[in-house]
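Dear colleague,

Please find below the structure I promised to hand over.

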Amino acid sequence: MSSVTTTPPAGASHGPSAGTASAARRGRARWFWLAGAVVLLLVALVASLAIGSRPVPPTGVWAALTGGDVPAADEAAVVGLRLPRTVLGLLVGAALAMAGAVVQALTRNPLADPGILGVTAGSGFAVAMAIAVLGVTSPSGYVWFALGGALVATVVVWVVGGAGRGRVDVAQLLLGGMALTAVLSGIVSAIRLSDPEEFSALLVWESGSFQSRGWDVITPVAPFVIVGLAGTLLLGRSLNAVALGDDVAGALGTSVAATRVGSVVAIAVLAGGATALAGPIAFVGLMVPHAARWVTGPDQRWVLALSAVLGPVLVLVADILARVVMWPGEVPVGIVTAFLGAPVLIVLVRHRRMVGL
Amino acid sequence: MRRGGVVVTTLAVVAAVLAVAGLALGDYPLTVAEVGRALLGQDDFATTIVREWRLPRVLAGLVLGAALAVAGALFQSLTRNPLGSPDIIGFTTGSYTGVLVVMTVVGPGYLGTAAAALAGGLLTAVVVYLLAYQRGVQGFRLIVVGVAVSAMLHAANTFMLMRAQTEIAMSAAAWGAGSLSLVGWEQVAPATVVLAVLGAGVVVCAPLLRQLELGDDFAAAHGVAVEPARLGILGIGVALTAVATATAGPIAFVALSAPQVAKRLVRGPGLPLVASALTGSVLLLGADLVAEHVLPTALPVGVVTIVLGGVYLLAVLVAGARRAR
C-alpha cells in the first residue's frame, strides 16, 4: 500500500501570526459564519423541542419551558420527553464533531471519523460487555467502560494505522478501523446470539438511539463530555503548530508528544462519552469538520469551535428526521446519520486526488 | 513446485481429519471406525446421524470454504490487491439486505433466500463498482466506497431487524450471522453441483488469470482479450460467493484470508488456486468445529470467522506498518 496525498490541514499563511488585510477579512468572515451557525443551532433546538408525534408550536414550546399556560400533554411532550433528548443531541453532536475534527487533524486524514475508525465500536463493545457479562445496568457504571473502550480502540487503531511515525496511511487506518469493528461486533453478536433475551436491548443500543434515554443517562455522563469539550477547544493551538511539522512545532515551543497524547485522550473522552450517551453513531465526526474547514479554512481553533456548534445542528436535524420519516413511529438516529454520511464519504473519496493502494 | 505439492497434500490431509472429526463429534459421539461403518450404511442409527445430519454440514464446510477462498483469490488477483475481497467491498452485507427484504416481505424459504442473497449481493457489487469507477477502478477508492455502502446497508439491515416480528428477526439474524448448522442435503446438494460447474470454469480460466497477473499489456500481447477475460473471471468470482452466501449466510473473511494464507504457505508467485481452496475448506471446517464444540454455547460459524478474520486483518496491517517503518 502506498501513501495518500492529502493537503496538510494548516498552512503558515493562514496561521494566527499572519496579520495581513486578507487575514483580517477572513477573521471577520469567520465570526460571521460562527454567528450564523449559532443561529442555526437555536433554530434546530427549538425545532427539536417542537416536532414529534405531538407537534407543539414554538410559542407553546416557550410557554412549556417557562412554566406558562399550556395543555398538560404539550408540557409532558416538550419538557418530559423532548428536552432530555435535545440536550442529548446537543452533547452527542458537539462531542462527535469535535472528536472527528481532532482525529482528522491528528492523523492528517480527511476521511477519519471515530465511527469509521472503530473508536465508537470499542466503546460500544466495552459497554455491551459491561451490560451482558458484568451485569452493569446503570449509566453511571458503564460510562467508565465506554471511556476505557474508546481509549483502547483509539490506541489500537493508532498503532495499526502506523501513526506516530510521520507517515500515516489512510487506507491502512480505515482498514484497521474496519477490522477492529468486525472483531468487536462479532463478539457482541456472539453474546447476543447466545443469550437471545438480551437480543432486542443490545440491538437497540447498538443502532444508536436517543429514544428512552432520559436524565438518568445524561446526568452521570454529561460532566465527562463537557470537560472533554472544553479541554479539546484548548488543543486547537497545539494542533495548528503540530500541523506545521514536528520540527517547526518543537521550535514554536509546542510539545508534539504532549499534543498527541492530549488528542488521543480527547478523542477517547468525546467519542466514548457520546457512545455512552447514545450508542455508536457514525459519520457525524466525518461530515461536520469538513463543513467547518470549508468555511473557516485550516485554522484548527476555528474548525474545532465551528464543529462544536455545527455538530449538534446535524445531530438534532438527524434526530428530527428520525422522528418524522416513520411518523408517528421513529427510527434510531444512528441509522439516519449513516444514510446522510455514507454518501458524503463516497463524494469525498471521489473528489480527492488519491494514489492507488 | 515441490513445496506446492507438499502444501497441497498436507492441507488435504488436514481437511480430511477435520471432516472426520466433524462427522464423529456431537451429542452422540462416534469413533472413527463407527463413522466409517455408518458411512457404508452398516449401522442404522449411526447411519442416520452421520449421513443425514452431520455429512451435509461437513460437506458444506468443505465446499463453501473452498468456493469462498477461490472467489477471494480471483478478486485479489484481478484487483492486484490482497484486500480486494468480496466482504470488504460490501458484497456480503448486500446479500443480507436482500435476504432481510425477502424474509420480511415474503417470508422465510430456501429458494427465496438464495435468490435474494444473490440479487442483493450482485446489486451491491455493481453499485459499489460504479460508484468507485473514475476512469477505471482503483483499490483504495473501491475499499472506501465499499466501507461507505456497507455502512448504509448495515444501517438498513438494523432498521429492518428492529421493525420485523421477533421470530422473523431471530431467524434472519441467525442466517445473517452465517451458519452451517441449518444446512441440510436440500441446500448442499444443489449448491455443490453449481459450485462444481463454476469450479470447472475456474480451471478453464486459470491460465488467463496467470496472464493477467503479469499485467494487462503482457496479457494482450499474448493474445488474451483482456476486458472479456476480466469480466468473465469477475463473474465467476461473484457467482461463487453468491452461491456460498445463499447457502449458509454471509461468512466473513474466509475469502479475504484464505488466499493470503495459502500464498504464504506455498511461497510461490501469484495466488495458488488449489492451495487456496483447500485452505478455505480447512478454515471453514475448523471454525465450524470451534463454533459448535469448543465454545460454551454453540454459535454460528460466521461469528467465529469474523473474529478470527478481523484479528488476522489487524495482524496483517500491523505487520505492514512495521515493515513500512
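Of the 357 residues of chain A, 54% count as buried. Please bear in mind throughout that this is a predicted model.

**Chain A as a whole**

Chain A contains 13 helices and zero strands, so its pattern along the sequence is simply one α after another, α-α-α-α-α-α-α-α-α-α-α-α-α. Among the contacts in chain A between residues at least 6 apart in sequence, 77% join residues at least 24 apart.

**Nonpolar cores**

The largest nonpolar core has 225 residues, and the members that touch the most others are Ala95(A), Met98(A), Ala67(B) and Val70(B). A second, separate core comprises eight residues, including Val56(A), Ala64(A), Val70(A) and Ala77(A). As for the surroundings of Met98(A), residues up to four places away in sequence being set aside, this residue touches Leu229(A), Thr232(A), Leu270(A), Leu304(A), Ser307(A), Ala308(A) and Gly311(A).

**A helix pair in chain B**

In chain B, helix H11 (residues 254-266) packs against helix H12 (residues 273-294) at an angle of about 120°, and their axes are 8 Å apart. H11(B) and H12(B) are therefore oblique to each other, since an angle counts as roughly perpendicular from 65 to 115 degrees and as roughly antiparallel over 145. Their crossing is right-handed. On the side of H11(B), the contact is made by Val254(B), Ala258(B), Pro259(B), Val261(B), Ala262(B), Leu265(B) and Val266(B). H12(B) contributes Ala275(B), Ser276(B), Thr279(B), Gly280(B), Leu283(B) and Leu284(B). By class, this contact of H11(B) with H12(B) has ten nonpolar, three polar and no charged residues.

**Two loop residues with positive phi**

Most residues other than glycine have a negative phi. Phe283(A), however, has a phi near 80°, a positive value. The residue is placed in the loop between helix H10 (256-278) and H11 of chain A, and it counts as buried because 30 C-beta neighbours lie inside 10 Å. In chain B, Phe253(B) has a positive phi of about 75° although it is not a glycine. Phe253(B) lies in the loop between H10 and H11 of chain B and is buried, with 30 other C-beta atoms within 10 Å.

**Two further buried residues**

Pro250(B) also belongs to the loop between helix H10 (226-248) and H11 of chain B. Which residues does Pro250(B) contact, its neighbours within four places in sequence left aside? They are Thr92(B), Ser95(B), Tyr96(B), Gly176(B), Gly178(B), Thr245(B) and Gly302(B). Pro250(B) is buried, with 26 other C-beta atoms within 10 Å.

Thr296(A) is part of helix H11 (residues 284-296) of chain A. With 23 C-beta neighbours inside 10 Å, Thr296(A) counts as buried, because the cut-off is 20 or more. Excluding residues up to four places away in sequence, Thr296(A) touches Arg30(A), Trp33(A), Trp302(A), Val303(A) and Leu306(A). Thr296(A) and Leu234(A), 62 residues apart in sequence, are 18 Å apart in space, C-alpha to C-alpha.

With kind regards

Key:
Residues numbered from 1 in each chain as written. Chains lettered and ligands numbered in written order. Predicted model: local features only at pLDDT ≥ 70, side-chain atom pairs only at ≥ 80, totals over all residues. Axes fitted to C-alpha atoms, helices over the stretch in contact; angles between N-to-C directions. Helix = DSSP H or I, 4+ residues; strand = E, 2+ residues; numbered from the N terminus. Parallel < 35°, antiparallel > 145°, perpendicular 65-115°, else oblique. Left-handed = near helix turned anticlockwise from the far one by under 90°. Contact = placed C-beta atoms within 7 Å. Nonpolar A, V, L, I, M, F, W, Y, C, P; charged D, E, K, R; others polar. Buried ≥ 20, exposed ≤ 12 C-beta atoms within 10 Å, placed from the backbone. Core = buried A, V, L, I, M, F, W, Y, C linked by C-beta atoms within 7 Å.
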